[in-house]
Amino acid sequence: QIVAVCALLKVAATLGGWILLTAETARAGADVHLFPGKLAPEQRDAVPTRILVVMAIIQSVVAFATISPTFGKQFDVIINVSTVWTIEPYVICSLVMVKLASRLQRPAARLAARIGALVAAAFTVWAIATSEALFRIERNGVLIDQGMLNRQSNEIGMKLMDLEKQAFELAGQPFNLASPKQLQEILFGKLGIKPTKKTPSGAPSTDEDVLQELALDYPLPKVLLEYRGLAKLKSTYTDKLPKMINTQTGRVHTSYNQAVAITGRLASSDPNLQNIPVRTVEGRRIREAFIAPAGSVIVSADYSQIELRIMAHLSQDEGMLSAFANNEDIHRATAAEIFGCERDEVTSEQRRYAKVINFGLIYGMSAFGLAQNLNIERSAAQSYIERYFARYPGVRAYMQDTREVAKQKGYVE
């Protein structure tokens, strides 16, 4: 019954739009055929605004009903009938607007009609087609090993208890690790650590950036960071994901939003499946819980080190160009150079370090930032940076030249 009602509403919205369009145009003395007669001079001013307003309203209604994640998730018919009841009206709207544009004499009216036609056509070709594909992905969902997540949640819970004990020992007393006020008293009061940043109210800050900086020199902030990271994994993923499994499908169904991220990328929500951590062992284990059904596999496709390939082209560094020309694993090659070992002896952890270094340094990451990212001493991070630029001197030269050009001209190209 719900599906039938939605279908009737969709038909009514489309037919209603055409009725309104016909009525408005008839009032001005014209028609809405693709090859209408000429408008009298006194009628030209009345038609464009009314028609464009009506068409904008109908397009907005149809667009919302088609691409709304909430609406679309509940009613399959919204997407299934879109080819007939949504895309076709958009195409017709485009043709009508183009025809109107050719008949209107006022430049502003012609421009408005042409823009409307282009918008309708673009929306039909891109947004509607994309929303249909995303809808199918959302409805298919993703299969999750619930037992694996439950076991991992218990293991993380045990680790949190151990970290809590370590924190109590380092602080010399028990305290609430989730309380910023108690952390301030312990870190900056009892332990006498100098605050590096203050909150808007003037109190010493205990946010993640502050703890990361303090963790380079003090053991308690390091334990607190590890505790917070594991607690977030537990509450956000290992505890929450199993509860979000649909009882009918046995899968988790996220929403992919097309018009949220300012960069134009898709944004996943409820739950966010694009932000599952990979830097820690526990985070990688969470990813292992995303599985394929029997007889199927999950395929991962991505650009191969695209930023580094661009850097190799711009800097013309011989070592980097040679690595790509010979189809080498550049992260493994960098790791072997930095850690002083053979390429076939590089561990997965060393390769991960090299990957952070490769991508981080070309974006200007400092020794401090690299130390925070890899959770290592600042002196070790500086040593890695020096070894990296010794291996790729062309990259260093390109970056230095770019900075000089920016200083001299005020821009880069």
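Ser 268 lies in strand E4, residues 267-269; helices (H or I, at least four residues) and strands (E, at least two) are DSSP runs numbered from the N terminus. The model is predicted: local features need pLDDT of at least 70, side-chain atom pairs count only at pLDDT 80 or more, and totals for chains, interfaces and linings use all residues. Residues are numbered from 1 along each chain as its sequence is written, and side-chain values use heavy atoms, with hydrogens and water left out.

With a relative accessibility of 8%, Ser 268 counts as buried (buried is under 20% relative accessible area, exposed over 50%, partly exposed in between; 1.4 Å probe, protein chains only). Beyond its neighbours within four places in sequence, Ser 268 is in contact with residues including Thr 254, Tyr 256 and Leu 273, contact meaning heavy atoms within 4.5 Å.

The whole structure holds nine salt bridges, each a side-chain nitrogen of Lys or Arg within 4 Å of a carboxyl oxygen of Asp or Glu. Three of them are tabulated.

| Asp 239 | Lys 234 | 2.9 Å |

Asp 329 is partly exposed at 28%, as is Arg 351 at 24%. Together with Arg 332, these two residues form a network of salt bridges.
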